[in-house]
Amino acid sequence: MMRAVFVFKNSGEKVFERIYIPAKDLDLEAALKLVVAAGGQVRSGGFEVTEIHKHQFFYTSNEGYVFIVHTDRTNTADEINERLLAMSSTFLQRYKEPLANWNGDASLFDGFGSVVDETVSSLPIKASLIGFGGVGKTTLQKLVSDGVPPQDYNPTFWGDRILLRGEAFRTFTISLFDLGGQDRFIGSWPQLIARSEVAIIVTDSSPEGVERTKDIVLPLVKEKLPYSRAVVIANKQDLPGALKPPEIEKILGVKTFGMVSNDPSSRDTWINILKDVIFEKI
Ligand SMILES: Nc1nc2c(ncn2[C@@H]2O[C@H](COP(=O)(O)OP(=O)(O)O)[C@@H](O)[C@H]2O)c(=O)[nH]1
Ligand SMILES: [Mg+2]
């Protein structure tokens, strides 16, 4: 997901910034210094990327400016460079002349802020519901899209995705993938979950279900999605014998939230979890 967009002069002076998700585990100023210095060396119109831990800085240089997009390590150059190019062209078209004798007033770029907002919302965040058949993935997907859980149980055949937008997610668009969870589809999970930015591990809350999730789902997520944000939904909390979320969190070692996904009143809790994962509140 796109965390921020910056424009610097090659000299190192910042002229624009829009931060959607601040980095908690990174010295941003130091990282930007590095990137701007490197950006000044990039041939005009060329694209580069610098990776730091779970972060990436895509950048290009044009007409004496360095344009930077800060993302998670989950995004690819294919997704970002085209957008970076479009934003930098718009910026130069609009502001090259006014910037020649700019007085430092950042309000000059207010209009550019909405260009950046639109760019950010044009790149959906891939969030995948991952877990065995019957744990409640499709119910969770429907709960957030329709506001009510489905009445009939139809096993998901292969996979399905819906796009979510809304106030809770601010400028972001979320593409919520629901996997076919029947055991015979497990072989295709790696392709289906590839490049997920958010891994929502769904398990029922029975001791056996949690154990299977620990043995099979968790290692797969760790291996295939090392840079993704992960969270566990401990579903079916209403059933007798359900382990409590803190017990499940202890077993799985991933932040865990209890859920009754076939209860429409769970919707707000569920949306808040999604929102908090995206904005890195958890
Ligand atoms: N008791 C209970 N049943 C649930 C809950 N969530 C989903 N279900 C039911 O579990 C079954 C499987 O759900 P589904 O969402 O299709 O599972 P999926 O295979 O993971 O997509 C359906 O009959 C749902 O109504 C829950 O929190 N509690
Ligand atoms: Mg399903």
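Helix α2 passes helix α3 in a right-handed crossing. This comes from a predicted model. The chain is assigned two domains, domain 1 (2–121) and domain 2 (125–278).

**How α2 and α3 pack**

- Two packed helices are described by the angle between their axes and the distance between the axes.
- Helix α2 covers residues 77–100, and helix α3 covers residues 110–121.
- Their axes come within 11 Å and cross at roughly 170 degrees.
- Angles over 145 degrees count as roughly antiparallel, so α2 is roughly antiparallel to α3.

**Which residues make the helix contact**

- From α2, the contact uses R83, M87, T90, F91 and R94.
- From α3, the contact uses F112, V115, V116 and T119.
- By class, five residues in this contact are nonpolar, two are polar and two are charged.

- The assignment places domain 1 at 2–121 and domain 2 at 125–278.
- The C-alpha centres of domain 1 and domain 2 are 33 Å apart.
- Domain 1 gives eight residues to the contact, and domain 2 gives seven residues.
- Which element supplies the largest share of the side of domain 1 that touches domain 2? Helix α3 does, with three residues.
- By class, that side of domain 1 has four charged, two polar and two nonpolar residues.

- Helix α3 packs against α2 through F112, V115, V116 and T119.
- Helix α3 also supplies three residues to the side of domain 1 that touches domain 2.

Conventions: Residues numbered from 1 in each chain as written. Chains lettered and ligands numbered in written order. Predicted model: local features only at pLDDT ≥ 70, side-chain atom pairs only at ≥ 80, totals over all residues. Axes fitted to C-alpha atoms, helices over the stretch in contact; angles between N-to-C directions. Helix = DSSP H or I, 4+ residues; strand = E, 2+ residues; numbered from the N terminus. Parallel < 35°, antiparallel > 145°, perpendicular 65-115°, else oblique. Left-handed = near helix turned anticlockwise from the far one by under 90°. Contact = placed C-beta atoms within 7 Å. Nonpolar A, V, L, I, M, F, W, Y, C, P; charged D, E, K, R; others polar. Domains from an automatic or database assignment.
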